Amino acid sequence: MCGPADFDALQTCITRVAELSAAGLGSYTLYGVTSLVHKLRQSSPTVLADPLRSMPLGSDASVLLVLESTCHPEALTPIQEAPGGSRPT
Amino acid sequence: MVWYPRMNLDRINIREAMTCAVLGAGGAVVFQFVFPGGAISTLMHQVLHLPGPGAGIAVIIGPFAIMIATIACFLKPGAGRAFIASLTFVLMQILLSKLLVGSSNSKGMLGSPLFIAAVSIMGLMMELSLILTRKLGPVWRSIIAGSSANVALLVFCWTVIFPRTNGWIQLGSIPILMGLCLVFGLFFGYLGWLISRPLSKVLAPQQYKE
């Protein structure tokens, strides 16, 4: 219809398509594995040294410590009487 | 961690245009290597017994050019990429056909000026589809652009090229060839998008967003 049949060319074509597809699939698998490893490395958990963060969220101790340390730091230190009887401001 | 490029009408610079041109030329070299002369015609008509003319355009030549153009489009946002890649693809085809005598398509259509026009129209159709579907995700955009561009190429060949070389298409052959054209166009559009994802990290790393 469009030209003489050439089965040798077709055989060469199929072989090359198979080779190229295998190379492409191999490259794509390599890319997928590399991306996965990169993603896993980025999302690995970091160790927190802050003791407040290591407490269970919402526990009384953690809430109390957060309030005391951020809002009223003076509450953590004992209030001492001044020598004249007046309290320090 | 998925990159969703948005096609807009940004101008592309010389370097980006050269990247698209190299992609198109490289695609033509791969095409010439994979499909030696006579292979497409034998596969379409002797093995698969598909009607013609246009089976090779709908199933192999068009989808391959679409895959190259889709890769060029999704490397970075910007208009004109599909057109440049398509044009260099077909020009490199002509050059290779002249250099490697006997390995070109037996119909001689691949090197004709009308085929340059056909592939250019295919590239323009892809540009238009990508602009019209810019609100959609990249997968939908790639398959819509691929299928519409393949249909544009096949219709142009049926109406302009084949009447001069092989004659008009028979009405009974249109449904099966049009169906194959749509299916292969959308599949190779999607394949082009898949290939563009790793390539975009290499060729256009600044566009890759975490």
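Before looking at helix pairs, I noted that axes are lines fitted to C-alpha atoms, for helices over the stretch in contact, and that angles run from 0 to 180 degrees between N-to-C directions.

**Ground rules.** I'm working on a predicted model, where local features need pLDDT of at least 70, side-chain atom pairs count only at pLDDT 80 or more, and totals for chains, interfaces and linings use all residues. Residues are numbered from 1 along each chain as its sequence is written, while chains are lettered from A and ligands numbered from 1 in the order in which they are written.

**Chain B overall.** I looked up the elements and found 7 helices and 0 strands. Helices (H or I, at least four residues) and strands (E, at least two) are DSSP runs, numbered from the N terminus. Of the 210 residues in chain B, 47% are buried (20 or more other C-beta atoms within 10 Å of a residue's own; exposed is 12 or fewer, partly exposed in between, with C-beta atoms placed from the backbone). I also checked contacts (C-beta atoms, placed from the backbone, within 7 Å). Among those in chain B with a separation of 6 or more, 82% join residues 24 or more positions apart.

**H1 and H3.** I put H1(B), residues 14-34, beside H3(B), residues 55-75. Their axes lie 10 Å apart, at an angle of about 155°. That makes the two helices, H1(B) and H3(B), roughly antiparallel (angles over 145 degrees; under 35 is roughly parallel, 65 to 115 roughly perpendicular, the rest oblique). From H1(B), the contact includes Leu23(B) and Phe31(B), and from H3(B), Phe64(B) and Ile68(B). I get 8 nonpolar, 3 polar and no charged residues there. Ala, Val, Leu, Ile, Met, Phe, Trp, Tyr, Cys and Pro count as nonpolar, Asp, Glu, Lys and Arg as charged, and the others, Gly among them, as polar.

**H4 and H5.** Next I took H4(B), residues 81-99, and H5(B), residues 113-132, whose axes are 8 Å apart at about 160°. H4(B) is therefore roughly antiparallel to H5(B). Among the residues in contact are Phe83(B) and Phe89(B) of H4(B), and Val119(B) and Glu127(B) of H5(B). The contact of H4(B) with H5(B) has 12 nonpolar, 3 polar and 1 charged residues.

**Across the chains.** Last, I looked at where chain A meets chain B: 16 residues come from chain A and 21 from chain B. The chain A side divides into 11 nonpolar, 2 polar and 3 charged residues.

How values were computed
Two residues are in contact if their C-beta atoms, placed from the backbone, lie within 7 Å.
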